[in-house]
Amino acid sequence: MIYSYPSNINQILEFDKIQSLITAECVGPKGDELIRELTMIVKPEKLQKELDLIRELNNLYHTYSDFRVFSYKDISPLEKYTHIQGYVYELDLVVEIKYILKLAIEIKAFTSKFEEVDYPEVHSFLQQIEPLPELYNFLNEVVDDEGDIFKNATPELAGLHRLLASKQRETDQKFTQIVRRFQSQGFLTDNKESLRNGRRVLSVPAEHKRRIKGIIHDESASGKTCFIEPDEVISVNNDLFEIERSIKREEYKVLQKISLKVSENGAEIMDNYHSVGTLDALQAKVKFAVKTKGVVPTLQSETGISLQKAKHPLLLIKYNQEGREVVPFDLSLNAENRLLLVSGPNAGGKSVLLKSVGILQMMFQCAIPIPVGAGTKMGIFSSLFADVGDQQSLEDDLSTYSSHLTNMKHFLARADQDTLLLIDEFGSGTDPRIGGALAEGILRRFRSAKAYGVITTHYGNLKIYGNNASGILNGAMVFDRKNMKPTYQFLTGKPGSSFGFEIAERVGIHPYILKYARDKAGKKIEEVDSMLADLQKEKSMVEKRLRELELKEKELRQMAKNFEHLHREIEIRRKKMKLNKKEYQLAVQAKMKKEFELELKKIKREHNLEKAQKSYQSLKAKVKNLAAEKEQLKEKLAEEELGAHFKWEVGSHAKLRSGSEIGRLVDLRKKKATLEFQSGLRMEVSTADLIPVNTPIDKKKEKSVSTDVDYTGAGFNPRLDIRGLRYREAVDLLSDYFEKALLSNQSRLEITHGKGGGALRKALIQTLKDFPANISMTHPPEEEGGMGKSILTIN
């Protein structure tokens, strides 16, 4: 629940006037009651739900003009009597209950006219309504809309009404005959008859009253006319009276039955009443929003305010009636600038600005659309404090300044990072030096508490403090010095002058007095204001530049993150390409091996040596041609990549196309090159298999291990010792080694890695994962190396 101070903050910020304007749009007492009981919502989930609901309802009312709550009356007395056994309700209350039930049924039925996905919150709200169609149908059958029980509500009642009608006809006939008889005798006045005490009577001149036998019910004011019920119709009228009493008794029985059913459903009826009232209150909010062009701003997760083109709603309504325009303002309170110090001339609009912020925040947290522009964002405050106007109290023996200090005491005790402070004429009411110093001390405390607030002031020391302290921003109401009148425009980033001398000159204060005052005050006041404006402008520029740098830093971090992700993707693709290449080479070799075995079987069956030699020579030539084609393709590719004039030189650095380890060329023989890696491994390869690279940074001057592997394609060494290598060096070396082993059709490899901590064995296992699954690994007996050596078999 919101904590606010003082207790009359609604009146101080004039929120009570907003409530009155909205209640004027309500069509029933429950909606009126709910609007007057509005309190600021502090739970984000609940407020967001209410804001979404009012936004959807606004759209719904514009789309479906028939979706409305119509005038209804109060049925709250029902709650007082539902617990009383056998209580009989007034028919007027029953009629209003029937109408509430009808409204609830119609409102609930409206859900079929729109899609839930278009208005989810409205749909959810309407779905919560539980109408009582059976009770409504019952009431509709026995009570009409005027509050009368139907004549056929029960068989007994219907019979009594038929009997009553019969007796009334009989009475009418007799009375008509009597009127004719006495009229012909001249015993009646011109009016002939009248009605007294519920009975038909003859209108008889006083001089003839003894000529007609009957009961005198009344006389005229002048005494000249008597109203007589003739003896002939007394018995019939008595019968009519008795029948009417019987009807009343039967209607009372019906009302008892109605009351019983109403009491049994009392809680549900009140739920329907509350739902209708809630929709009435929401409808009133929407109607008010139309008058003020109010919108539902965005609810931001963090505490703060960001108002765009905001207007005071009460001022807007007043000016609309007068045909005038309200000057809008932009204002922002955030984590960087929590407190806003507003300065400027008297009657320049400072207090209106302050009240605007307060009333708009109250309306927002009560889910009332507010007159603001697009882009407005608002957070939630859990406490709201206001010190506005003269709060002098004779009852509490408080002066104006004492009342301000009393408020400050409460503010200081409760202010925190979720507080919104609204303080007008901060520090005024006492000696300016003392008041300014005390106000600065209080302002320091608000700043350390990280409270938010809008504070108006004329004090220069507060303007200077606001300029120097972080988290505080100066603002000013613009004054037209040329025409000497306020513009009511608000600007952030610089303090405003009070323009006391200029205003005094305009109203006609004697020039001599103004000169004396100016000399007394000196030029420092204007100089301070100018200096503060320049400093605040520079501060704003620095803060803007800092925000830009932070944004660029964020972009750079994101780019670095994207680069790392891209690098990983490329590395994964490279490994997959290597694996696909190895698998393809193995497939080609397997195919050739199969062809060779088929030819060999065929030769064995035919026992033809000459044919076998020819087949052998043919296969050999095919392999040779394939190898030559491969070399030509590699040379052509290398020539296109490096250029026709590129020449390899001893001492240059390169890496294998199929690997990542960089080596140095130590020997060149035609199209063959000997490459020495940093690990000490030497490898003889075709220059077409090499890619030139820049000279790498020398990370280790001494070799970790010295290992020579003389590889020429045919003279592959199936034994490799990697002891002494680091994990990364071992992985790179093993990767290139296995590639050459597969290309040279090796079937058995011995890798000596030592026991130690097992890091090199893990490097071996990790490297094997990038190669086909047809490589199996075993270990020799302990006397031949055991777990320090791995035997790889390529199937």
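**Salt bridges and packing**

I looked up Arg-181 and found 35% relative accessibility, so Arg-181 counts as partly exposed (buried is under 20% relative accessible area, exposed over 50%, partly exposed in between, with a 1.4 Å probe and protein chains only). The model is predicted, with pLDDT of at least 70 needed for local features and 80 or more for side-chain atom pairs, while totals for chains, interfaces and linings use all residues. Residues are numbered from 1 along each chain as its sequence is written, and side-chain values use heavy atoms, leaving out hydrogens and water.

I then checked the partner: Arg-181 forms a salt bridge with Glu-232, closest N and O atoms 2.8 Å apart (a side-chain nitrogen of Lys or Arg within 4 Å of a carboxyl oxygen of Asp or Glu). Arg-181 is in helix α9 and Glu-232 in helix α10, 51 residues apart (helices are DSSP runs of H or I, at least four residues, and strands runs of E, at least two, numbered from the N terminus). Glu-232 is partly exposed at 37%.

I also noted the bridge of Lys-789 with Glu-750, at 3.9 Å between the closest N and O atoms. Lys-789 lies in strand β24 and Glu-750 in strand β22, so the pair ties together parts 39 residues apart in sequence. Both Lys-789 and Glu-750 are buried. I recorded a count of 31 salt bridges.

Last, I looked up strand β7, which pairs with strand β8 in the antiparallel sense over 4 bridges (pairing needs at least two DSSP bridges). Leu-307 stands opposite Leu-331 in β8.
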